[in-house]
Amino acid sequence: MSGETTRTPGSVLAALALPSRTELDEARAAGRSCVWGGEPLENPTAVDLGVQLVDGRTWFPRACPTCTAQRAHQALVAHAPMCPACRSEDATDCPLGAALRHLVAAHTPVRYCCACSRQIGPGEEYETHQSQSQSPSGAGGATTHTACPRRRR
């Protein structure tokens with residue numbers, strides 16, 4: 001339906017550690033800047049975290065894709081080991097785990113290591129080195145895992 005606002009469940013926002021409205025400047029509370037990083041947002045790429053009503057005041061938190069993916073990954077790493085449903089082979093019975101996995105997958109750019117050709121996953125450290133050729137990841141340089149065993153020196 002057009003005009004319908006997607007609501008982010010409170011359990012997901014709590015897991016993402018959404019800051020308190022009172023901790024934010026006006027740009028972050030109004031959704032013009034990333035609620036976590038503070039960088040200005042553009043409508044096509046901003047992640048809408050839903051309209052929030054706290055103490056009778058409405059605010060509109062939004063975030064950049066990078067902060068959203070990082071926060072969701074951190075929350076999933078903290079949540080999954082303690083959740084029997086997330087630890088099961090199927091791992092589809094936990095709504096919180098599913099929502100966090102979706103946020104990670106939807107907002108993590110795909111990068112590949114130029115040394116071992118393996119995908120660099122969320123939470124893995126990587127380095128981008130300037131090079132003459134374009135890397136397969138499209139990052140504009142050679143991207144490698146920080147601790148890649150096949151890393152070119």
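## Alanine 17 and its loop

At a relative accessibility of 41%, alanine 17 counts as partly exposed, a class that lies between buried (under 20% relative accessible area) and exposed (over 50%), with a 1.4 Å probe and protein chains only. Alanine 17 sits in the loop between α1 (10-15) and α2 (26-29), where helices (H or I, at least four residues) and strands (E, at least two) are DSSP runs numbered from the N terminus. Although alanine 17 is not a glycine, its phi is positive, at about 60°.

The model is predicted, so local features need pLDDT of at least 70 and side-chain atom pairs count only at pLDDT 80 or more, while totals for chains, interfaces and linings use all residues. Residues are numbered from 1 along each chain as its sequence is written, and side-chain values use heavy atoms, with hydrogens and water left out.

## The chain as a whole

The chain has five helices and eight strands, and from the N terminus its elements follow the order α-α-β-β-β-β-α-α-α-β-β-β-β. Of its 153 residues, 35% count as buried. The accessible surface of the chain comes to about 9,600 Å², and 51% of that surface belongs to carbon and sulfur atoms (areas from the Shrake-Rupley method with a 1.4 Å probe; for residues, only the protein chains shown count as cover).

Among the contacts in the chain with a separation of 6 or more, 46% come from residues 24 or more positions apart, a contact being heavy atoms within 4.5 Å.

## The nonpolar core

The largest nonpolar core holds 27 residues, of which Leu16, Leu18, Cys34, Val35, Trp36, Leu49 and Leu100 touch the most other members. α1, α3 and α5 (95-107) are the elements that give two or more residues to this core. Such a core is a set of buried Ala, Val, Leu, Ile, Met, Phe, Trp, Tyr and Cys residues joined through side-chain atoms within 4.5 Å.

Leucine 16, one of the core residues named above, is in contact with Trp36, Arg71, Ala72, Ala75, Leu100 and Leu103, leaving aside its neighbours within four places in sequence.

## Helix α3 and its cover

The buried residues in α3 are Cys67, Thr68, Ala69, Ala72, Ala75, Leu76 and His79, and what covers them includes α1, β1 (47-48), β4 (62-63), α4 (84-87) and α5. An α-helix has 3.6 residues a turn, so residues three or four places apart point the same way.

Histidine 79 belongs to α3, which comprises residues 65-79, and counts as buried because its relative accessible area is 19%. Not counting residues up to four places away in sequence, histidine 79 touches Cys86, Cys94, Leu96 and Gly97.

## Where α3 meets α5

The axes of α3 and α5 come within 8 Å and cross at roughly 145°, the axes being lines fitted to C-alpha atoms, for helices over the stretch in contact, with angles from 0 to 180 degrees between N-to-C directions. The crossing is left-handed, a term for a near helix turned anticlockwise from the far one by less than a right angle, as against clockwise for right-handed.

On the α3 side, Pro65, Thr68, Ala69, Ala72, His73, Ala75, Leu76 and His79 take part, and they meet Leu96, Gly97, Leu100, Arg101, Leu103, Val104 and His107 in α5. Valine 104 lies in helix α5 and is buried, with a relative accessible area of 9%. The C-alpha atoms of valine 104 and histidine 73 are 5.9 Å apart in space, although the two residues are 31 residues apart in sequence.

## Loop and end positions

Alanine 30 and proline 40 both lie in the loop between α2 and β1. Alanine 30 counts as partly exposed, at 28% relative accessibility, and its C-alpha is 5.2 Å from that of phenylalanine 60, 30 residues away in sequence. Proline 40, in contrast, counts as exposed, at 70% relative accessibility. Proline 40 touches Arg32 and Ser33, not counting residues up to four places away in sequence, and it is 8.5 Å from cysteine 64, C-alpha to C-alpha, across 24 residues of sequence.

Threonine 146 is placed in the segment after β8 (141-145) and is partly exposed, with a relative accessible area of 29%. Threonine 128 is 18 residues from threonine 146 along the chain, and their C-alpha atoms are separated by 9.5 Å.
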